[in-house]
Amino acid sequence: MQEQFLELDPPERILMGPGPSNVHPRVLKAMSLPVIGHLDPCFIGIMHEVMDLLKSVFQTSNDFTLPISGTGSAGMEASLCNAIEPGDEAVICVNGFFSDRMADIAERCGGRPTIVEGEWGHAIDVNKVESALKQTKAKVVAVVHAETSTGAMNPVKEISELAQKQGALLLVDTVTSLGGMPLKVDEWGIDICYSGTQKCLGCPPGMAPITFSERAMEAVRNRKTKVQSLYLDLGLLDTYWGEKSAYHHTAPISMVYAVREALRLVLEEGLEARFKRHQLNHTALVAGLEAMGLNILPGKDERLWTLNAVVIPEGVDDAKVRNRLLEEYSIEIGGGLGVLKGKLWRVGLMGYTSSRSNVLLFLSALETILCSEGLNIERGAASQAVSAVYG
Ligand SMILES: *Cc1c(COP(=O)(O)O)cnc(C)c1O
């Protein structure tokens with residue numbers, strides 16, 4: 001038995017794909033602490049601390065702010081299945097893989113989604129959202145802030161103004177922006193917001209931070225039908241995480257420790273400083289890629305700092321390059337999703353992964369590989385462009 005199944009020894013990777021990103025060592029250390037009972041007064045204290053930390057990172061005063069047990073997708077499912085009941089109209093902005101999923105879930109909840117379609121790789125057109133809102137009695141407007149499948153950012157603030165005019169609840173996916181790019185839940189008028197731990201928070205996959213405004217909670221309380229998911233019913237979750245601390249499910253204790261430490265790290269660095277770090281490393285990476293003659297899919301002012309969508313040059317073997325990065329340099333990047341499969345490399349600079357050393361290592365590895373694959377690249381140009389950005 002022991003000879004067949006050796007002790008686990010996964011390789012050390014630089015996780016520069018669309019997630020998970022590298023986990024901060026302090027988060028891993030927190031996860032190795034003793035597991036205690038989920039109704040232990042000490043653990044309940046920890047849960048309340050996590051809720052407070054999360055409010056600061058979401059920049060909200062919403063009472064209902066907590067991490068859901070489950071990955072980012074559980075946050076998406078919880079947001080939609082609590083907000084939408086059978087017959088409800090919703091306007092859903094679809095310009096990528098993840099927003100497409102929001103429309104799918106809204107339908108599964110019995111909702112009647114109106115899709116505002118946008119080009120993959122570009123921000124959604126606000127005028128289209130406005131006209132869709134005029135033609136419906138939408139209870140919810142949903143948009144993905146940072147579309148990880150395309151590297152494009154959507155104009156949440158502008159969409160928020162439109163939603164408010166119509167009295168609709170604004171639901172925003174911030175899985176690839178929370179902790180990496182500016183996001184102000186209260187100031188921007190976001191009613192429902194969810195994220196994930198594995199992207200810009202430097203934590204393993206496993207939980208989904210979520211926040212509902214009082215207005216959104218009221219809509220949940222006024223539902224005519226029960227939320228079809230018992231596990232993701234916010235009313236029940238509220239009695240578990242709130243003052244009553246009544247059993248609902250067993251919180252993943254070690255993940256809650258991890259989230260607490262990850263959020264502490266975010267606030268220790270400072271939100272503004274953390275966003276600046278993500279912006280700087282993104283700017284340097286793009287400068288290097290462009291110096292090598294590569295193109296970024298989204299336009300300059302609609303790019304994410306956390307996920308860079310690089311157009312694969314003509315004649316280059318997508319899978320071969322990604323395999324070589326992994327095997328020769330232990331660097332993971334992502335391929336394209338859906339219609340962008342084979343056309344795009346997705347290079348993440350999220351959370352703990354977003355560092356100058358990772359940018360430099362990745363660019364020099366890519367330069368070496370592309371040159372040996374026969375691409376005509378001026379050697380050293382990327383490194384010069386990057387130095388100019390870092391100064
Ligand atoms: C990764 C991601 C999700 C899903 O998160 P999982 O942790 O994979 O369940 C949802 N939305 C966006 C924008 C994402 O990038």
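**The ligand site and the aromatic pairs**

Around the ligand stand Thr71, Gly72, Ser73, Phe98, Val144, Ala146, Thr148, Asp173, Val175, Thr176, Gln198 and Lys199, each with a heavy atom within 4 Å of the ligand. The model is predicted: local features need pLDDT of at least 70, side-chain atom pairs count only at pLDDT 80 or more, and totals for chains, interfaces and linings use all residues. Residues are numbered from 1 along each chain as its sequence is written, and side-chain values use heavy atoms, with hydrogens and water left out.

A polar backbone atom of Gly72 lies 3.0 Å from an oxygen atom of the ligand. For Thr148, an N or O atom of the side chain is 2.3 Å from a ligand oxygen, and for Thr176 a polar side-chain atom is 3.1 Å from a ligand oxygen. The protein buries 90% of the 380 Å² that the ligand exposes when taken alone, areas being computed by the Shrake-Rupley method with a 1.4 Å probe.

Phe98 of the shell also forms an aromatic pair with Phe97 (ring centres within 6.5 Å). This pair is edge-to-face (planes over 60 degrees apart), with 5.1 Å between the centres and 85 degrees between the planes.

Elsewhere, Arg356 lies over the face of Tyr390, 4.3 Å from the ring centre; the criterion is CZ of Arg within 6 Å of the ring centre and within 35 degrees of the ring normal.

Definitions and conventions
A polar contact is a pair of N or O atoms within 3.5 Å; within protein, one must be able to donate a hydrogen and the other to accept it, and residues adjacent in sequence count only if both atoms are side-chain atoms. Rings of Phe, Tyr and Trp (its six-membered ring) pair if their centres lie within 6.5 Å; planes under 30 degrees apart count as stacked, over 60 as edge-to-face and the rest as tilted.
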